[in-house]
Amino acid sequence: MGAHRNVHKAEYRIGVDVGGTNIAVGIVDDHYRIVTKTSVPTRDAAAPEEMVEAIMSTCRQLMQQARVSGDEIVSIGIGVPGTANQETGAVEYANNLGFTDVPFMPMIRTAFGEPLRGVIHFDNDANAAAIGEYLAGNYREKSFIMVTIGTGIGGGIIYNGRIVRGVNYAAGEFGHMSINVEDGVTCNCGRRGCWENYASAAALIRQAREAMTNATDRSGALWKLSGGAPDKIDGRLFFEAVREEDPLALKVLEKFVGYLAEGITNLVNIFQPEVIVLSGGITRAGDLFLPALKEKVLANVYSRDSAVNTKIRIADAIPDAGDVGIIGAAVMDRGEA
Ligand SMILES: [Zn+2]
């Protein structure tokens, strides 16, 4: 053995969160904190080649800015909004990106070259987010489900510290369980009544706008906050109106919570996990709907008379909701321990 002493070398991970609107990239330290981050727009219908190039150059730029060298990077994780085949490295299907059978990882590895190509991982973005919350939050539960409520609804299932990916890596697409097969709206997956068309953040905003348009009384907080323009309503303004106890906003929220509860109840009935964690921007206003949600779920689950039932809580391990995707992607290599 040599006589040199052990010098602590900094370890960093890079997380890449590929979304329909932005590609967010961040360097993450050992303590699940973001050292530096940036984002670039995902151009409409960007070709896979362009996306790979954008990811690679953004990572390199960020490393340069943070003065982090290649040998300090222990892993690079990429979360994609689609089916991430761990065997072939292909993104088999990502409707928001318009990707079908894109040989994503081979392209990424070629773009990065040596030595980084060896430390790159990818997974479905909701799986990555679930791993991030689970590890950063130091959860003790053996069965853990995260529901990510955003433009759609994604999910991650963790049993005994491992992500459940399914036979074809497409497990956890909770957003595409139907809660109304008969008269439900047609989903972009081709099915009717998919949960995400009723209980995603995008659906909530759509419901609020519709309620405004159909209302005869236009004096409430939703109308004031939006300056009279329903299409100005976003999640932040909507929950502001709820805090002001605007009757129209409260009515919309009650119906929305009913939709949310339907899907959560289904998940409890199927999995009976120790905990279901809700994540996504709108859950930051969770204090306004979590009690009602829990009540509705408990009233309807099959196990309502059991002594023990699934805990339902809001994801809080990562303070900024916008960082969940980056941190989850960065630490996904630690998720299979
Ligand atoms: Zn669907």
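**Notes on the sheets and the domain interface**

1. T83 has Y93, in strand 6, as its bridge partner. Please keep in mind while reading that this is a predicted model. The pairing of strand 5 with strand 6 is antiparallel and runs over two bridges, and both strands belong to an open sheet of three strands, ordered 5-6-7, in which the pairing is antiparallel. Strand 5 and strand 7 (99-102) are the edge strands of this sheet, each of them pairing on one side only.

2. As for the overall division, the protein chain is split into domain 1, which covers 12-131 together with 323-334, and domain 2, which covers 139-316. The centres of the two domains, taken over C-alpha atoms, lie 27 Å apart, and the contact between them draws on 16 residues from domain 1 and 16 residues from domain 2.

3. How much area is buried between domain 1 and domain 2? The figure is about 1,200 Å², with carbon and sulfur atoms giving 51% of it. On the domain 1 side, A126, N127 and A130 supply 34% of the area buried against domain 2, which is more than any other three residues supply.

4. The polar side of the interface can be described briefly. One salt bridge is found across the interface of domain 1 and domain 2, and two residue pairs are found there in polar contact, both at pLDDT 80 or more. D123 and R165 form a salt bridge in which the closest N and O atoms are 2.9 Å apart.

5. Finally, the side of domain 1 that touches domain 2 receives two or more residues from each of strand 5 (83-84), strand 6 (91-94), strand 8 (120-124) and helix 3 (125-136). Helix 3 gives the largest share, with five residues. By residue type, that side of domain 1 divides into seven nonpolar, six polar and three charged residues.

Notes
Residues are numbered from 1 along each chain as its sequence is written. This is a predicted model: local features need pLDDT of at least 70, side-chain atom pairs count only at pLDDT 80 or more; totals for chains, interfaces and linings use all residues. Side-chain values use heavy atoms; hydrogens and water are left out. Domain bounds come from an automatic or database domain assignment. Contact means heavy atoms within 4.5 Å. Buried area is the accessible area (1.4 Å probe) that two parts lose on being put together, summed over both. A salt bridge is a side-chain nitrogen of Lys or Arg within 4 Å of a carboxyl oxygen of Asp or Glu. A polar contact is a pair of N or O atoms within 3.5 Å; within protein, one must be able to donate a hydrogen and the other to accept it, and residues adjacent in sequence count only if both atoms are side-chain atoms. Helices (H or I, at least four residues) and strands (E, at least two) are DSSP runs, numbered from the N terminus. Ala, Val, Leu, Ile, Met, Phe, Trp, Tyr, Cys and Pro count as nonpolar, Asp, Glu, Lys and Arg as charged, and the others, Gly among them, as polar. Two strands pair if DSSP finds at least two bridges between them.
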